[in-house]
Structures are given as structure tokens and as C-alpha cells.
Amino acid sequence: MSTVKLTVNGKAVSADVEDRTLLVHLLRDHLNLTGTHVGCDTSQCGACVVHIDGRAVKSCTVLAGQAAGSSVTTIEGIAKGDELHPMQAAFRDNHGLQCGYCTPGMIMSAIDIVHRHSGQLDEATVRHELEGNICRCTGYHNIVKAVLDAAGRMKVAQAAE
């Protein structure tokens with residue numbers, strides 16, 4: 001057992017976990033942040049994407065101990081109170097989800113995509129960047145629309161800050 005200390009959604013947390021505990025299980029099982037999903041157990045589906053120090057990472061590929069000292073943001077930590085993050089709002093407004101299982105990972109990946117591309121995105125780039133996230137329901141059309149819409153919303157929100 002090891003004590004892992006990190007910041008999750010802006011709050012300092014500490015948990016005693018087995019050394020083999022994955023970050024996704026620390027979040028879900030120890031911190032009750034169940035928005036981060038376990039989809040495939042093979043790091044192929046992207047349902048478990050969170051941000052570690054601002055970068056999208058599949059949390060099923062990271063040991064909890066490897067994240068010690070880091071800042072982790074989950075889907076639960078991106079809204080500002082009752083105000084949805086622009087990416088969440090765009091997914092809602094563009095019907096970018098159906099069953100919702102992949103949605104948290106899609107949203108976390110999409111935020112990272114927008115940041116890395118400074119909002120300069122086109123459909124082909126979004127589709128290429130989302131290849132590591134699997135959705136079995138939508139066919140991706142509305143997800144791509146949502147990401148492109150959110151890129152504009154995030155630019156406006158950033159300019160207002």
C-alpha cells in the first residue's frame with residue numbers, strides 16, 4: 001500500500017491504495033468520481049480520459065502512484081457551478097451523445113484537442129484526433145459538430161476572461 005497525494009478537480013486528496021491501482025480506479029472507487037468510465041480495459045476506447053496537468057490522458061493507462069503530485073481534472077471538475085463548460089453545452093446543443101457512456105471521455109479529449117489546436121479546427125482534424133475515442137451509438141457526425149461548435153464557444157469564453 002502507498003499513500004497517493006494529488007489534486008483532483010481543484011481539491012487536495014490523499015488515498016491509500018495498492019501500488020498496482022490504476023488512476024481510473026482511484027477516481028471511481030476511492031474518490032467516487034464515477035463520471036470517468038471504464039470501457040474496454042485495454043486503453044482503446046477513451047471512456048476513461050481525464051486531464052493530468054492539463055493534458056488528456058487515458059486514466060486506465062496510468063498507475064495512481066504515477067499521478068502523485070499532479071493536478072487531475074475529471075468530467076465532474078470542468079463546469080463552473082451550474083454553468084456547463086462550453087464543450088458540455090455544445091455536446092448538449094448539438095446532440096453529440098446518445099447513450100452517454102463515451103461522452104465524458106469524448107468531452108475531455110475534445111477540450112484537449114481544442115487547446116492543442118488553438119481552436120483552429122476543421123472536420124477532418126477533429127475526426128482524426130478523436131480516433132482514440134470509440135462511440136458505438138452516434139456515427140460521430142454530431143460529436144464532430146459539437147467539438148467544432150465548442151471551439152468557437154471556448155474562444156469567446158477565453159476572450160471574455
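Predicted model: local features only at pLDDT ≥ 70, side-chain atom pairs only at ≥ 80, totals over all residues.

Colleague: Let's start with the overall fold. What makes up the secondary structure, and in which pattern does it run along the sequence?

Modeller: There are five helices and five strands in the protein. Reading along the sequence, you get β-β-α-β-β-β-α-α-α-α.

Colleague: How do you know that the radius of gyration agrees with a compact globule?

Modeller: Set the value against the rule, which is 2.2 Å times the number of residues to the power 0.38. For 161 residues a compact globule would come out near 15 Å, and the protein has 15 Å, so the two agree. As for extent, the C-alpha trace spans about 45 × 35 × 25 Å along its principal axes.

Colleague: What about burial, surface and contacts for the whole chain?

Modeller: Of the 161 residues, 42% count as buried. The accessible surface comes to about 8,400 Å², and carbon and sulfur atoms account for 48% of that. Among contacts between residues at least 6 apart in sequence, 58% join residues at least 24 apart.

Colleague: Why is asparagine 32 called exposed?

Modeller: Exposed means over 50% relative accessible area. Asparagine 32 has 61%, so it counts as exposed. Asparagine 32 sits in the loop between helix H1 (23-30) and strand E3 (49-52). Its phi is positive, about 60°, although asparagine 32 is not a glycine.

Colleague: Which other residues have a positive phi?

Modeller: Aspartate 53 is one of them, with phi near 50° in a residue other than glycine. Aspartate 53 is in the loop between E3 and strand E4 (55-58). Histidine 95, which follows H2, also has a positive phi, near 55°.

Colleague: Back to the loop between H1 and E3, where threonine 36 is placed. Why is threonine 36 called buried?

Modeller: Buried means under 20% relative accessible area. Threonine 36 has 1%, so the label is buried. Leaving out residues up to four places away in sequence, threonine 36 touches Val24, Leu27, Arg28, Ala47, Cys48, Val50, Ser59, Thr74, Ile75 and Glu76.

Colleague: Now helix H3 (residues 103-116), where proline 104 is found. Is proline 104 buried or exposed, and how do you know?

Modeller: Buried, because its relative accessible area is 11% and the cut-off is under 20%. Not counting residues up to four places away in sequence, proline 104 touches Gly35, His37 and Ile75. Proline 104 and threonine 34 are 70 residues apart in sequence, and their C-alpha atoms are 10 Å apart in space.

Colleague: Which residues touch the most other members of the largest nonpolar core?

Modeller: Met87, Phe91 and Val147, in a core of 25 residues. Helix H2 (86-93), H3 and helix H5 (141-160) each supply at least two residues of this core. Apart from it lies another core, of 15 residues, including Val4, Val17, Ile52 and Ala67.

Colleague: What does methionine 87 touch, and which residues of H2 are buried?

Modeller: Not counting residues up to four places away in sequence, methionine 87 touches Ile107, Ala110, Ile111, Val114, Ala146, Val147, Ala150 and Met154. The buried residues of H2 are Met87, Gln88, Ala89, Ala90 and Phe91.

How values were computed:
Residues numbered from 1 in each chain as written. Heavy atoms only, no water. Helix = DSSP H or I, 4+ residues; strand = E, 2+ residues; numbered from the N terminus. Buried < 20%, exposed > 50% of the residue type's maximum accessible area, 1.4 Å probe, protein only. Contact = heavy atoms within 4.5 Å. Areas by Shrake-Rupley, 256 points an atom, 1.4 Å probe, with all protein chains shown as cover. Core = buried A, V, L, I, M, F, W, Y, C linked by side-chain atoms within 4.5 Å.
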